[in-house]
Amino acid sequence: MVRFGIIGCGVIAPYHARAIEKASDAALVAVCDIIKDKAAAFSQKFGNPRIYQNYKKLLSDSDVDAVCICTPSGMHGKMCIDAAKAGKHILCEKPMEITKAKLDKVIAEVEKTGVKMACVFQRRMQANPMRVKAALERGEFGKVLFADAYLKYYRSPEYYKSADWRATWELDGGGALMNQGVHGIDLISWFMGGVDSVFGIARTQTHDIEVEDVAVAAVKYKNGAIGVIEGSTCAYPAQDTRFEIHCEKGTIVFSDAGIIQWARMGEPEEKLAQEKSECAPGNDPTAIGALSHLPIIRDLTDSIERDRPPAVTPREGRKAVDTILAIYKSSQTGKEVKL
Ligand SMILES: NC(=O)c1ccc[n+]([C@@H]2O[C@H](COP(=O)([O-])OP(=O)(O)OC[C@H]3O[C@@H](n4cnc5c(N)ncnc54)[C@H](O)[C@@H]3O)[C@@H](O)[C@H]2O)c1
């Protein structure tokens with residue numbers, strides 16, 4: 001049994017609590033929020049685990065084996081480092097951190113202490129992305145030629161006002177790419193074996209925010225393919241996130257609605273069972289499947305029990321952030337940026 005503490009009792013925290021409740025080898029024993037009433041209400045809703053207002057106190061609780069970091073993105077690094085030093089295993093929300101320096105420090109501390117740390121990229125564990133990854137790895141479609149990710153969300157002005165860290169460089173670390181698009185950027189980079197270089201343009205088109213609400217990038221992937229990434233939070237109405245992968249022997253197109261095309265040259269087009277994504281973006285940031293975090297919690301508890309690396313290690317978790325930071329740098333300098 002892995003005993004969890006949740007740090008940060010905001011929008012995403014219930015997804016962690018529900019997954020812990022559902023997993024047979026996990027229990028929620030402590031919660032923490034700087035706002036005491038929020039922690040208390042959250043605790044009451046999820047079986048009355050112990051309440052803390054200071055995360056360091058939760059980290060010194062010997063009943064806690066692992067922590068879920070659900071605080072604003074720019075706080076993740078410090079909390080992960082403190083958790084690792086306290087010998088706690090970690091499940092960290094995306095993005096793992098928002099600067100290269102802090103990503104480096106987290107990885108160094110986690111590897112030094114040997115705690116297990118996983119990053120929340122729940123889409124990697126959903127049926128369609130797993131099917132695509134396996135088909136590409138088996139070479140069923142041959143060499144990938146070009147591959148695109150279209151990540152067109154909508155977020156209202158009210159969303160941006162709903163917490164004062166949102167859309168700030170200091171704590172959100174960016175906008176349409178760093179907060180929303182990071183999931184899709186992680187997926188396309190995972191499919192392609194990583195990103196080699198980017199040429200990006202990021203702008204703030206409609207929202208009264210300091211970070212970007214639209215960005216595009218031409219991308220060279222590590223597997224030799226090229227492609228386009230587009231991210232936005234001003235596409236109204238929001239579109240299903242969509243991935244188009246063109247290979248020597250055919251094409252895969254899939255979106256939040258399911259697999260749209262699975263076509264191999266010379267073969268009848270396969271009609272695959274349609275499994276909707278657990279992360280339909282819509283215009284609503286909470287439109288995530290209620291149990292979308294369950295496979296991630298199960299993967300982390302299993303990695304602790306079997307002493308193996310979790311599916312999305314810190315070194316994997318940083319890749320999408322590195323790509324996004326390179327797109328921002330390219331947009332500022334007007335030059336291609338190599339990762
Ligand atoms: N995986 C996903 O699909 C997904 C979806 C939404 C958000 N997220 C990520 O989850 C994180 C949190 O986002 P959110 O929307 O839940 O934010 P939120 O503002 O709703 O919640 C954050 C909570 O952290 C608390 N907090 C702030 N500082 C703290 C501290 N020092 N100690 C303890 N608690 C503290 C706040 O009081 C707040 O309750 C972000 O990194 C975000 O990117 C992930």
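In this predicted model, the largest nonpolar core holds 69 residues, among which Ile 90, Phe 191, Met 192 and Ile 245 touch the most other members. Helix H8 (residues 176-192) supplies the largest share of this core, with nine residues. At least three core residues come from each of domain 1 (2-121 + 292-312) and domain 2 (123-283 + 320-338). A second, separate core comprises 29 residues, including Ala 19, Leu 28, Ala 39 and Val 120.

**Surroundings of Ile 245**

- Leaving aside residues up to four places away in sequence, Ile 245 touches Val 132, Leu 136, Val 144, Phe 146, Ala 147, Phe 191, Met 192, Gly 250, Thr 251 and Ile 252.
- Two of these contacts, Phe 191 and Met 192, are themselves listed with Ile 245 among the core residues that touch the most other members.

**Strand E5 and the setting of Ile 90**

- In strand E5 (residues 89-92), Ile 90 and Cys 92 point one way, His 89 and Leu 91 point the other way, and all are buried.
- In a regular strand, side chains alternate between the two faces of the sheet.
- On one side of the pairing, E5 runs parallel to strand E4 (residues 66-69), to which four bridges join it; Ile 90 is the bridge partner of Val 67.
- E5 also runs parallel to strand E6 (residues 117-119), with three bridges between them, and Ile 90 stands opposite Met 117 there.

- A right-handed β-α-β unit is formed by E4, helix H4 (residues 76-85) and E5.
- From E5, the chain passes through helix H5 (residues 100-113) to E6 in a β-α-β crossover that is right-handed.

Notes. Residues are numbered from 1 along each chain as its sequence is written. This is a predicted model: local features need pLDDT of at least 70, side-chain atom pairs count only at pLDDT 80 or more; totals for chains, interfaces and linings use all residues. Side-chain values use heavy atoms; hydrogens and water are left out. A nonpolar core is a set of buried Ala, Val, Leu, Ile, Met, Phe, Trp, Tyr and Cys residues joined through side-chain atoms within 4.5 Å. Buried means under 20% relative accessible area, exposed over 50%, partly exposed in between (1.4 Å probe, protein chains only). Helices (H or I, at least four residues) and strands (E, at least two) are DSSP runs, numbered from the N terminus. Domain bounds come from an automatic or database domain assignment. Contact means heavy atoms within 4.5 Å. Two strands pair if DSSP finds at least two bridges between them. A crossover is right-handed if, with the strands pointing away from the viewer, the path from the first strand over the helix to the second runs clockwise.
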